[in-house]
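Visitor: Could you take me slowly through the sheet of this model, strand by strand, and then say how the rest of the chain is arranged around that part?

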Amino acid sequence: MKTELWYKKLGYVENPFSIKPAFFNDEVVGYDAEVDSLIKKLAKGEVCFLEAEFGKGKSTIIKYVINEFVNHNKIIHISRNKSDRALDYENLLKEANTGFGKVFGLKAKKVILIVDEVGKINQKDCEQIEKFMKSKNIFSVLFADVSFAKTNLTDSLKKKIDKNLIKLKDLIPNDAVEIVKSRISIEGIISDDLIISIFEKSKRNTRSFLINLEKVFRYSFDNGNQKISSNDLTCL
Amino acid sequence: MWFESFGYNYSPFTIKPLKEKTSLIGREKELQDALYFLHTGSMVFVQCEKGNGRTRFLKAIIDEFPGRIIYVDSNKLKKNLDIEELLIRKNGLFGKMFSKLPQEMILLVDNVENLSPVNLERLKFFFDQNNLRSVIFTGDSFKNSNLPDCIKHRIGNKIISLRSLSNDDVKALILERLEFEDGQSFFPSDLVIEVYQKYGNNLKDLLIYSELAATKMVEEGKEKLTSEHFKNLKQEFNIMKYVDESLIDEDGTTIVKVGNYYRNPYKDVFCSVCGAIVSFDEAVCPECGSKFEKEKKEKIKTQPKKKKTNTSKKPKKVKK
């Protein structure tokens with residue numbers, strides 16, 4: 001790289017606007033109620049569905065949930081779209097086990113199963129999940145995808161989800177400012193108004209917002225500026 | 001071979017990007033952008049017409065990240081490959097022994113149009129988990145690519161377009177390959193541009209036809225290329241016979257050009273009209289819409305293996 005990276009000029013080791021879910025293990029901004037509700041339901045052994053468009057924060061919330069439970073429960077986190085065929089949940093439960101249980105090929109108990117991208121889920125998947133819920137190997141389940149209505153979950157599982165469908169609402173402008181503050185120290189670098197402008201140009205989508213923030217910051221600092229001005233938004 | 005009489009160890013018109021040691025001409029800004037995106041942890045799409053240097057561009061990136069890069073050409077992947085297994089294999093001995101995925105690797109996926117949807121979903125998952133720090137996809141066009149929405153969303157506006165090279169860039173590129181001063185080279189600069197434009201401003205075609213013309217030049221005992229050497233090349237040559245091993249696949253099979261693609265008729269199942277990879281049970285080409293003739297599988301299995309180019313006018317799948 002010939003020029004110094006803009007975020008290194010600001011004193012950061014990594015890109016502060018990384019789109020990788022929970023890259024900085026930060027709190028989830030704007031969805032406190034949804035996350036609290038989700039954690040309570042999973043702790044009670046329920047089946048939940050997290051519904052949101054691309055880039056709204058599903059994967060970040062999933063990572064947050066994993067961090068909450070990882071010291072108390074075994075967790076299986078899978079992306080269902082990684083395979084065209086039904087997954088082997090018995091094998092996944094054995095792999096999730098630890099110590100002697102794993103050595104003797106036993107299935108883990110009280111597992112929290114998190115299934116992201118459920119688009120390819122089929123009847124065989126659902127039957128296995130329900131079977132292992134009955135046998136108490138799977139304690140609770142979280143499904144996540146763009147649309148609950150368009151999934152192929154069985155009626156039985158849909159009934160279990162029932163009121164546990166959590167839809168992520170659009171964030172508000174103040175949330176956008178909070179997101180930026182959680183990533184960088186903004187004093188003297190960017191005003192709240194400019195943050196909100198970039199947020200609106202990103203159609204209030206968190207991932208697009210982070211990508212656009214990075215673009216504006218790179219544009220501005222590579223041009224030798226010390227702070228973000230409204231002119232810098234022309235690069236969007 | 002013709003190039004030996006000029007003192008070269010291998011053809012200066014080679015189309016093997018990984019063999020090419022010259023500098024990346026005319027794409028310096030695009031390279032800086034790509035390197036920036038890779039450092040910052042991104043998914044990127046490099047769009048460029050086939051034959052205009054995208055693999056060469058990726059090679060320049062590989063040179064900047066020694067050891068941390070995995071390069072994959074989707075054209076050469078087996079249809080049922082699980083890309084997770086490929087990543088584990090590339091993670092060295094430790095990865096292979098313990099079936100561990102790498103962390104923070106950089107993945108370059110050339111010709112992404114041939115990567116299966118399931119493998120794309122896997123890549124997305126590994127990117128989110130930071131097994132892959134950054135991913136670059138290459139293809140003809142981001143808008144028309146087969147990338148699922150979840151990946152397109154992660155790419156966002158990180159699209160690098162490799163523009164066609166200017167005439168000066170093309171001249172400089174050829175001169176650097178020939179290692180001659182202009183005026184002394186056997187390939188005059190004006191002729192370079194004339195040929196480049198004749199073959200639709202496509203770098204790969206310029207190199208292939210220059211190879212053939214140079215062969216003709218040496219056979220005639222001449223020392224300088226002229227326009228005459230570039231006439232009737234398609235009719236005079238079995239086009240693949242005289243180029244260097246670039247167009248021979250690893251198993252020794254001659255690769256054929258179909259549409260904009262180079263295909264191995266013994267390994268690939270492709271549409272004979274446009275060259276797109278298709279699956280055996282498809283009735284219509286997903287790229288050009290041609291309908292395939294019904295063929296009995298038994299008939300295909302008993303056909304003897306012999307080299308032939310697919311000259312059929314009717315769209316049909318070819319499988320050996």
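Guide: Before the sheet itself, a word on pairing: two strands are taken to pair if DSSP finds at least two bridges between them. The model is predicted, and with that in mind, chain A holds an open sheet of five strands, in the order β2-β3-β4-β1-β5, whose pairing is parallel. At the edges stand β2, residues 74-79, and β5, residues 165-167, of chain A, each of which pairs on one side only. From one strand to the next, the twist averages 15 degrees.

Looking within the sheet, strand β3 (residues 111-116) and strand β4 (residues 138-145) of chain A run in the parallel sense and are joined over six bridges; here A:Asp116 has A:Ala144 of β4(A) opposite. Against the sheet packs helix α2 of chain A, residues 32-43, which touches β1 (47-51), β3, β4 and β5 of chain A, and whose direction makes about 155 degrees with that of β1(A).

As for the rest of the chain, chain A is divided into domain 1, which spans 32-167, and domain 2, which spans 172-235, and the C-alpha centres of these two domains of chain A lie 35 Å apart. Chain A also meets chain B, with 22 residues of chain A in contact with 18 residues of chain B. On the side of chain A that touches chain B, helix α10 of chain A (residues 206-222) gives the most, with five residues, and by class that side of chain A has six nonpolar, eight polar and eight charged residues.

Definitions and conventions. Residues numbered from 1 in each chain as written. Chains lettered and ligands numbered in written order. Predicted model: local features only at pLDDT ≥ 70, side-chain atom pairs only at ≥ 80, totals over all residues. Helix = DSSP H or I, 4+ residues; strand = E, 2+ residues; numbered from the N terminus. Axes fitted to C-alpha atoms, helices over the stretch in contact; angles between N-to-C directions. Contact = placed C-beta atoms within 7 Å. Domains from an automatic or database assignment. Nonpolar A, V, L, I, M, F, W, Y, C, P; charged D, E, K, R; others polar.
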